[in-house]
Every structure is written in structure tokens, then in C-alpha cells.
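Dear colleague,

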Amino acid sequence: MKNSFRNGFHVLQPGFGPAAPAKTASDEVYPNAAHSYIAKEVAAKTFQDVNLCYQCGKCSAGCPVRDYMADSPNKVVRFVQLGLEQAALNSTTPWLCAGCLTCSTRCPNDFNLAKFMDAVREISIEKGVKTKEKEISSFHEAFLRQVRLFGRSYEAGLVADYKLNTLRLLQDVDSAPGMILKGKLSVLPHKVKDRKTIKNIFGKTTHKKKRNG
Amino acid sequence: MADAGLTYGYFPGCSQKGSAREYEMSLLKVAGKLGIDLKEIDDWSCCGATSAHATNHRLANALAMRNMLLAEQQGLETLVAPCAACFNRLITTKAECRNHPESKKDVEELLSASVSNTTSILNVIDLFDKASNGLIGSGRVRDMKGLKAACYYGCLLVRPPELIDTDDSEQPDSMERIVKATGADVVEWNYRTECCGAAHSISRRDIVVDLSKRIIDDALMHGANVIIVACPMCHTNLDMRQRVMRRMYPSHKEIPVLYLTELIGLSLGFTESELGIDLHYIRFNMPNEIMNQTAQA
Amino acid sequence: MKIGVFICHCGENISRTVDCPRVAETCEKIPGVEFSIDYKYMCSDPGQKLIKDAVEIHKLDAIVVGSCSPNMHERTFRSAAVAAGINPFLVEIANLREHCSWVHEDVESATQKAIELVRMAVEKVKRDKPLSKIKVPVTKRVLVIGGGIAGIQAALDVANAGYDVVLVEKEPSIGGHMSQLSETFPTLDCSQCILTPRMVEVNQHPRIKLLTYSEVEKIEGFIGNFKATIRKKARHINEDICSGCGQCVSKCPIKKKAFSSFEEGLAYRPAVYIPFPQAVPNIPVIDESVCTYYRNGKCGMCVKACDRQAIDFDQKDTMMVADVGAVIVATGYKLYSIGKQPLGSKYKGYGEYGYGKYKDVIDGLQFERIASASGPTSGEIKRPSDGKEPKKIVFIQCVGSRDPAKGISYCSKICCMYTAKQAMLFRHKVHDGEAYVFYMDIRAGGKMYEEFVRRAIEEDHVNYIRGRVSRIYEENGKYIVKGEDTIAGVPVNIDADMVVLASAMIPHDNAPGLAQKVGIPYDKYGFYNESHPKLKPVESTTAGVFLAGACNAPRDIPESVAMASAAASKAIILFSSDSLEREPVVARVNEDLCAGCFYCRKVCPFGAVEVRDIKDMNGVVYKEVAYINQGVCQGCGTCTATCLSKSIELAGFNNEEIFAEIAAL
């Protein structure tokens, strides 16, 4: 318990939940959680204060993907409210979020949790945190690579790219020929003419690794 | 023949040119017959879909806004976005740029253009429920009686309520109104707005199969013989993923999944292959009552 | 005129930024000022003595005090002036704290400003005229609006103190929501058993005039002298003849057309009905909207059944007027409905809980009826849909309450307690039943309240789960309740037989309407505002109108009763003398100048302006002028500012005084 008091401030001991790594006990703690990097960054990206959440759990109760999550959605919000950056960024919950907006729709205090999850995910990418939900992050990367190249999603290329990156070569292998036969998986990409603008957008928005603010 | 005489911009979205080819086929057929002119945006690009907003919100805003900007430049005041996900991306970006000038400024810089951000966005339900009031009934040549439809809204056609001009995000009724206009019956069921797992379709197929199976089972339990959708993602998860369900659950009972536009197309007299219904994984068999009608006609 | 100036340091509150000795020195030089001094605490006893002594020694005629806001201590210094023999209206306060020291930092300029403020007050006080208090008579009768437990308590207290009471209740019987309850927390005593004796006492009390099935139409007048117009709705039963035998009720052929509101829609009632067996008065009412006679002129079964000819189909609403000196508003609450709300409503319904379409998803009051021995199931716990005994009940707290997205930010305060009680009652009545309570926080502040909740958990094994429920839907006759235990961090889905929602307490729909008739302010929800949240909790901001019970904010029975007794005692205090003294700061019309345009009448927020006829020697009216009722006028000055002919003057603030003040600057 040597870390429980530092500079006269009470220090929180994280380590709850399977996603919170144990090593972060002293690095993670902010005397004033509302001014922590993670809380401020989330607020800047979502235009809402994380303290709007009063932890009723209605979001988790209605989350369709809840059964697959180690940390409940409201717990990830709690991590951010407490300034527990590592716990929030290492949680797989934001990656499992399907973005269905059920939580945001039903939140009694109008906290847009789906937007919050987008922000946490984005911050973890910015900070180079590798998620354990590798398949999900690889899919997003593969998808955006197609869009960067062609301006549109090219499903055959996407599937090939994703499979190469995740080595899940055999999944859905049975559906691909059927899709091609039905004309649903075109063999050649549809390209956008003005690919310069698309490249430009990607070039200006791609995350460069950020340091702690 | 009824003629709405309406012209809208049309933002197909990537799926419409591939895995949801039949959605576009049926939409264009039906719109043509009802006198709705859909002008495809020239050189449209991907809206960014889940992958962009899930990982990079500035990219997501710029990709979505590029299409609304093209619409503005091409003189299209209203855009029809049949894909629920595209529709949601467009309205979300539009709202963010309206409510937060800093976001609008950022997007304008990324696109090197100024944006007036006034394009109206319609989804397919809006198009048939509001824009073409009563047209389906008047052009109907087939009564789709005998179909017991479970109208599946999924997530992105009804949420978030503050951005969507829906009658109700928890207990909506607009798709049912359209389906009833084709003569089909609707069933009351519980999973109309529960998520199918959406973009996890490829990366976490296990989740999508679980969630979609629950939706399908609930529809069946409430007596449906067809599920109606208005989203390519929902269709993939509910239709194509039934193959996996069949393998995993030997007792799985199949149910065909039609796009809303396909159902309307059938009632307007198009054949199943004209509408691309034969491209589905789960075969759709027209109930006898409807077949007999066709024979008489 | 000799004026004294007294500058207060207010500890350091004023002297920190204002050089008080210098202000006192400088002000001594203002013409007319005879004496000037500063002191650390002018409001203290030595400070007041200083004023009195100065008045005596220097023969002062008027005083100016440079101190805190007049809201704070004007009364103190006026009393000191009276004790020293000066008219209290020859005292002026220069606000050197709120208007000066607290809002400035620079000592030099703050001191200059303080001197200017005192100079202005000196110029005004030179022109002030001595005023004396106005006396108004008091009608020693109270109007109590609302016959729930708060109204009953207030009426009995006032009546037992020896004053007359008019008790108006809009329903056919008094008793309010308390008469619907089964057992009450934290003692589990039967609600009706403790309430009905009070209801009977009200009915039999010689000093209480009980008007049920009646509504207040309009209230005019002012403290001590209100005139209330009350609409007595047609019962279609002659109350003087009816014996309450109930023959008409049992013979009425309308059996399943109208739901009983007393049974919260869980049972039907005939077209002619008595809301519940213990109703006071025990006289039926005919509901025109379902009665066959009013639909086609036929039937008349009740007429045949009544051997006293008490049925009167032609009875009309009647108006009556009551003169009262005080009003106690005790109109109570209603429950928020999860149903789909009409367009433009300030509330939103719970679509995620099915908007009330599931028959076995009920609210707290409905459960009270089901658990009540006098209820539709005779106290046996049964589902409304099929009459089966539920084995698994989920109670959900904070439905509507603490849910800004649905339009209600506040805590309804009583739900934690009644939910614990209801879960307990269920466990007592259904021994093999399981009770689950979804809560966000347990708010059990109150005598024996926390112990009561612990008893539900520890002895009656009610399962408390911390978390809000996201969705309820029906599946195979069960209600799937989707929740999350936020303490364990695990999803909790329960297949319940019945769900009880602790819906928020909200004001009645017509609460704002009544407030406008009575002339009292209300908050954005429609709850009536108290005059001061701590020190005047039962007074409204309108003199002579008091508040009791849940019309002011969510309250439980003991709080409503305490508040009712407090409101009653406020009315009794008002009646302790035969006339009331009012501040003389009122407007007066110069009848010679008045042009009779009556703009003043349009702008007066208190309805104090009347029309007075001016007659010539032969008694012929030749002019109409404005007349301001001194009892009603609150001295706001709106009429004075509006008057085009400058013929209205506000005592204590006339034009000469105000202009002198401005000119001094």
C-alpha cells in the first residue's frame, strides 16, 4: 500500500476487472480525475463531460454485446471518470461495442455512450495500445485500406486483406464462391475518379502517435 | 400508374454495388415504377462506415461529408441513402457539423471546400412512408396477403432519436405501415430494434450468429414467415448467416429475409428475379394465395 | 431637519474595501447631517444603542444607515428608530455591502462610491414623510383545497383551534391517495384503519364545511380578505336526502363500461357509484359519460331503486362563494405514466418498458390496491392479466424519477420506502415468491426507515440489485426484465411474472391552472413554490396562502401531516388578532389628475386597481377614476411607472424623493 498516499492526495488502486493491468497502480493516478488526460481527451472528441454518467448501468443492461464483454460499458466510463487511462485503453469493451446506439438512446442523463466508446477506441489507437480484439481492429484497418486505395469498399479485396492479416483463412471460405456466382462479390474494385481527395483526407487524418498531454 | 414526379439524389453506398446488389435492383425498379427519379451522385465514395467512425472520427466526418458536398455541387437537395449505416453516418456527420462549428471547419479544411451542410437525408422508410404517400397502395397489382412479416428495423434506422425523424425509436410503426400497404400482415414481436451485431459480421462471426439467431427465433416464435429489413448489413447477418446457424443448430428453422423494397416490388408486380430475390441464401417461396392471384391475373 | 449617519463595518465585510471612518467623516459635512459615526457591528445591541443614544443627544429627526442590504436589516434599524422615537419610514439604508464592498476591489474608488451612496440616501431621507401602518380586517375562516391526508390534517387543526374551515375536494370522497394504500411504512399499519377515523371526524366537525366533488373556480382578494368561488359539480344525487344505502349502485345495469379510478383501473365501477366503501361522504355520484339515461333518456333503474327519491338527473353545477382569511393548498400529486405522452408534453414515456401495454407491468398505486384487503383481489397478490398468483415479481425504482431524458430530474423520495414495503408484503403473502428490486441508490432517510429497508433485505430476503433496467418485454407469459448488477458487473435478466414500477410523483395536470386561480407561483414541473426553502417552507409567496403536502414537492405521509399542521398554525397565527398590519408602502391615486385610462389596471400584477365613480352634487357620475385597494397593493410600483398623467404616487417612493436621490449623484 505504499502508493496509497502521494503528494497528500488519496491514490486510487486500480486492478479491478480482468482488463486492468496490475502494473499501472502508480502511473495511472490523477489527483483530480476530471483533469486527467483521458477524461479531457474524451471530452474534446465527444463534446460531452464524462461526469454526465451517473453509473446507473442502464447502458450495460441493454447492451446486445454485453455477454461478450469482460468490463461492462459503464465500468469503462468509470475508468475514465477516475482517470484510469490504462484500464480504459486496455479494455476490450470499446472494441466489442457494435455502435448500435441502444445505450445512447436509453441513457437517462443523455450521455452518448456510443460516441464515448468511439473516442476511447480512437485514443487507444493514437497511443499505440494494441487491443486483444485483434480480429476487430484488423477488420477496421483492412476496410479502411480498401477505401484509401479505391475510395470505396472493395469487398473481395477486403476479405483477402483481412484474411491475410488475421490468418483466419478458412472462415467463410464456403460463402465466397457462392457470392461470386451470385454477382455479390465483384472480382474487380469500383474505383472513385477523384482519388486524390480521398488520399488527401486519409493523409491528413491518419493518427500519428501522441504523447501524454 | 401512380407517378410521384419526385427527383432525389441517390447515394447507393458500397454494399449496393456488391453484396446487396439486389437491394439496389429492387429499389431502382420500385422507384421507377412509382415515378421517383433517383439520380446517383457522380463519383460518390464510401461513407466511412463503422470502421471509420470506430477508429477515426475526423476521417469519418470527412468521408461522409464529401458525398453531401458532391450532392450540393450537383444540385441535389435531398439524398436517399438506402443503406441504414450510410444513412446514419451522413446524418451524424451533418449534425456534428451543425452543432459544433469546429468540426465543420475541420471537415472543410480536409475537403478543401466550404460546405453549406443543408442536404436532407432520407432512408428507405422515409422515402416510402412520407415522400410517396399512398403510392404503393394505388400501384399495387398483387395483394401480399398470406405473408406474416416481422419488420426488423435494427439499430440505425431508429437511433439516435434526436437525429431521426422516426415516429418512435423504441416502438416504431413506420415500416409496418408500408408493409401493410402491400397487403401483407405484420406480426408483433420483441426484437424489432435489437442489434444483429452489425459490422462484427466478419471479425466476430460468433457474436453475430448468436445475436441474429435470437432475432430470427423471436420472429418465428411470433408467427412470422418472412423478415423484412432495410439495411444491407442486417440482411447479410440475418440471411447469409443462417447457413452457419443451420450447421451449428441442427434444429434451426429457416426464414426468408426480404428487403423492404423487394416486398414492395412484389406487390407492384415485379418478378422475383427482377428484384434479385433469387440472390438470397434462404429461398423465398411465395405463399399460395399470392401465387393463385398471379395466375388469375 | 437633523439627520444622523451611521456607517457599519459589518465585521470586515464592508471595511475590507471601504474606508468606513473616512465615509463617516466626509458625510458629516453633507448639509443637513448633524451627526455621523462608524461602528464595527451596527446591527448588534451596542450598535443599536449607539443609534438610540445619538438620536437623543443630537435630537435627530431622521437617520441613514450605511450597512448591508435592506433585505437583511432594514427591519432591525427601523425598530431601533421607533425605540428612539423616530417614525420607521424616516430611516434609509445605503447598501454598502452587496452594492459596494462585495463587488469592488479598489479601496479608493469603493470608498468614493460608498460616500455617494450615503449622500443619495441623505437626500432621500430629507424628503421622506412619516408613514403609519395600514390596518386591514381579518375573516377568521380558512379555505383548504384538497381533501387528502394533508388537507384533512390542516382542516382538523384549524377547526379544533376554534375557527371555521371550508374544505374543498374535487373527487366524490375525501381521503386522497392515502385511502388507496394497503399498509404504511415503516410500521406496516393499515392505512385505512388510521385514516378513516380522521375522515369521519372531518365530516362530523361542526366547524368544517365539507364540499366534495367541488372545485375552486376563482379566488379574489388578499390576506385576511379572500373571496373564493367554488363550483359544486352536479352529483345528480340530492345529498340532503340520500342515506347512502347503496341500492342505486347495486341496481345500476352498467357493469363493465367504466374503470374505477380508486382501484387504479384494476376494477370496473357502475355508472352510479361510491368510490369505496369507507367514502366520506357516503353519497354516490352519477357518471354522465357512461350512464344510459344520459345517452338515450331511458333506464332509470336507480330511480326505481331509491326509496327516498334522491336521484336528480336534472341537477346542475352550482356556484358558491366563501369569504376566508387564509387559504391552505393541499392538492397532492399524481403518478407519472410510462405511456406514450402526447405531442408537446414535458414528459416522455418508456417505450423500452412497452408504454404500459403489458397488463402485468403495473405502477406502485396499482400494487397498493392489489395488496389491499379492500382491493379488487381482497388483498391476495394476483396478476391483473390472468388472476394467477405471481411467483416472481420485479420492482423497479426511479421510473421517471432521476431521469432527465424522460423530463424529470428530481428524486420522488418515497419510492425507496414503499418499494421495500411492497416487496416485503409480497414475501409475507406469497411464501415461495421471489422479489427483486432494481435500484440506483436506497434513500431511506427518516425515523426507522433505514432499519425498515434492512429488514426487507435481511429478514424477508428481498433481492436488491443495483442498476437501472434497460428493457421489459413479454415472452410466453413472462416478462423479460433486462438489467445489470453494477456492483458485480454482471448482466441480470429476470423472467418475471409481474413487474411493479415505482413511478415518479408529479403534480396534477391542472396544478398550474389552480396556481393561477389562487395566485401562487410554481416551478417548471408544476409544484407550488414555497416562500423560502428553509425558513418559510409552508408559506407561498402570496401572503395568506399556505402549502401542505405533495403539491409542494414529493412527500410521504408523516411529512405531509407535519406540513399541514404547520400550515394550519400559520393560519391560526394570522387569526390571533382582529386586524392585520400592513406596510404603508402602497400606491395612491390623485383623483383630480387621473384621466381614467386604466392602464394601471392592466399592468397591476395583484389586481389591486378598482374603478371608482366620481359624482357631482346631484349624484350623477361624471368621471371614472382608478382606485387602489390598500389591502391588495404590494407596493411594486408598476402602476406608478405606467401612469401617463403621473397621478399615481407610491408612498415612500414618490417622485420628489426619487429625483432628489438621483440629483445627489
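This is a predicted model: local features need pLDDT of at least 70, side-chain atom pairs count only at pLDDT 80 or more; totals for chains, interfaces and linings use all residues.

Contact is used here to mean heavy atoms within 4.5 Å.

In chain C, helix H5 (residues 149-160) packs with helix H14 (residues 557-574). Two packed helices are described by the angle between their axes and the distance between the axes. For H5(C) and H14(C), the angle is about 35° and the axes are 8 Å apart; their crossing is right-handed. From H5(C), the residues that meet H14(C) are Ile149(C), Ala150(C), Gln153(C), Ala154(C), Asp157(C) and Val158(C). Their partners in H14(C) are Ile557(C), Ser560(C), Val561(C), Ala564(C), Ser565(C), Ala568(C) and Ile572(C). By class, nine residues of this contact are nonpolar, three are polar and one is charged.

In chain B, four strands make up an open sheet with parallel pairing, in the order E2-E1-E3-E4. Strand E2 (36-40) and strand E4 (120-122) of chain B are the edge strands, each pairing on one side only. On average, neighbouring strands of this sheet are turned by 40° against each other, direction ignored.

Strand E3 (residues 78-80) of chain B runs parallel to E4(B) and is joined to E4(B) by three bridges. Thr78(B) has Ser120(B) of E4(B) standing opposite. Strands of a sheet pair through backbone hydrogen bonds, either parallel or antiparallel. Across E3 and E4 of chain B lies helix H4 (residues 84-99) of chain B, which runs at about 155° to E4(B).

Yours sincerely

Conventions. Residues are numbered from 1 along each chain as its sequence is written. Chains are lettered from A and ligands numbered from 1 in the order in which they are written. Side-chain values use heavy atoms; hydrogens and water are left out. Two strands pair if DSSP finds at least two bridges between them. Helices (H or I, at least four residues) and strands (E, at least two) are DSSP runs, numbered from the N terminus. Axes are lines fitted to C-alpha atoms, for helices over the stretch in contact, and angles run from 0 to 180 degrees between N-to-C directions. A crossing is left-handed if the near helix is turned anticlockwise from the far one by less than a right angle, and right-handed if clockwise. Ala, Val, Leu, Ile, Met, Phe, Trp, Tyr, Cys and Pro count as nonpolar, Asp, Glu, Lys and Arg as charged, and the others, Gly among them, as polar.
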